[in-house]
Amino acid sequence: MRRWMLLLSLLLAGMQMPAGATQPAAPQRVLFVGNSLTYVGNLPATFAALANANGQHMHAAMLVQGGATLEQRVADGSVLRALARYRPAVLVLQERGGELLCGAGEDACQGSQQAVQALAAAGRQAGARVLLLGSYQPHPRASAAIVQAERAAATQAGIGYVEISESLRRLSAGAGTLAWYDADGMHPGPALTLLDAVQLYRALFDTRPVRGFTVAAPIYGASSGLRAELRDADAPAPRPQTAQGIGYDDAMIGQLNALLDAAGNRPR
């Protein structure tokens, strides 16, 4: 009887797993740490959906809060706890808009620079590749200044930098009909969220994404109910009235790639 049971179990196992087949690899994990620039439009879920549609198996989580600075995330230890719990392959940091421009004073500016360095070191210690994702400023002089300041902070911390502000300024001038900004005129609209995701994809994988995709996740506005705690990017929203899902087609991906290439932002 035992022999027949063993043969039956082996037969069932063979039916479930064809000869030569292997289990699919677990997705790479990416953790986003930021503020409303990060969660409005749900950049983490958008990036994961873009990556998966283009052959890169990714899962995204986030640690975000409206108006938050990276210095606050160092002070409360939340990133260290998230790194230990989630164990990401990639850590994406995004500072509050303009924080590195020193507009709030030299102390705040130095605190921001030191926070980038501290979180970069923590990410590397946890085995993650760390990137600083840029913020943006609308005025040409301020835009150039924030890019310079962010790039310097990333270089000082020994991490990669993903530029946004100057690309946004050039692309929005060339494709003004796209929804670059949210209805409030300040936070990311769908086109800017996609630009962030595409720039991250090109930086991480050194190639262009080509396929459109659907984001099956909450699409947050500025008032989100999110707190500074680790959560999956596609987890149910704290507020049930939050919009659900958005789609980006092949044509829009192609349009952004063409605009970026024309602006000189070409992957190798």
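Of the 268 residues in this protein chain, 47% count as buried, where buried means under 20% relative accessible area, exposed means over 50%, and partly exposed lies in between (1.4 Å probe, protein chains only). This is a predicted model, so local features need pLDDT of at least 70 and side-chain atom pairs count only at pLDDT 80 or more, while totals for chains, interfaces and linings use all residues. Residues are numbered from 1 along each chain as its sequence is written, and side-chain values use heavy atoms, with hydrogens and water left out.

Let's start with the overall build. The protein chain has 10 helices and eight strands; these are DSSP runs numbered from the N terminus (helices: H or I, at least four residues; strands: E, at least two). Its C-alpha atoms fill a box of roughly 80 × 40 × 40 Å along the principal axes.

Now pick out helix H10, which covers residues 250-262. From first C-alpha to last it reaches 18 Å, close to the 18 Å expected, a span worked out as 1.5 Å times one less than the number of residues. Its buried residues are Met252, Ile253, Leu256, Asn257, Leu260 and Asp261. An α-helix has 3.6 residues a turn, so residues three or four places apart point the same way. The buried residues of H10 pack against several elements, including helix H3 (43-53) and strand S8 (243-248), with contact meaning heavy atoms within 4.5 Å. Just after H10, Gly264 takes a positive phi of about 95°.

Finally, look for the cysteines. A disulfide joins Cys102 to Cys109, S to S 2.0 Å; the rule asks for a pair of cysteine sulfur atoms within 2.5 Å. Cys102 counts as partly exposed at 26% relative accessibility, whereas Cys109 is buried at 2%.
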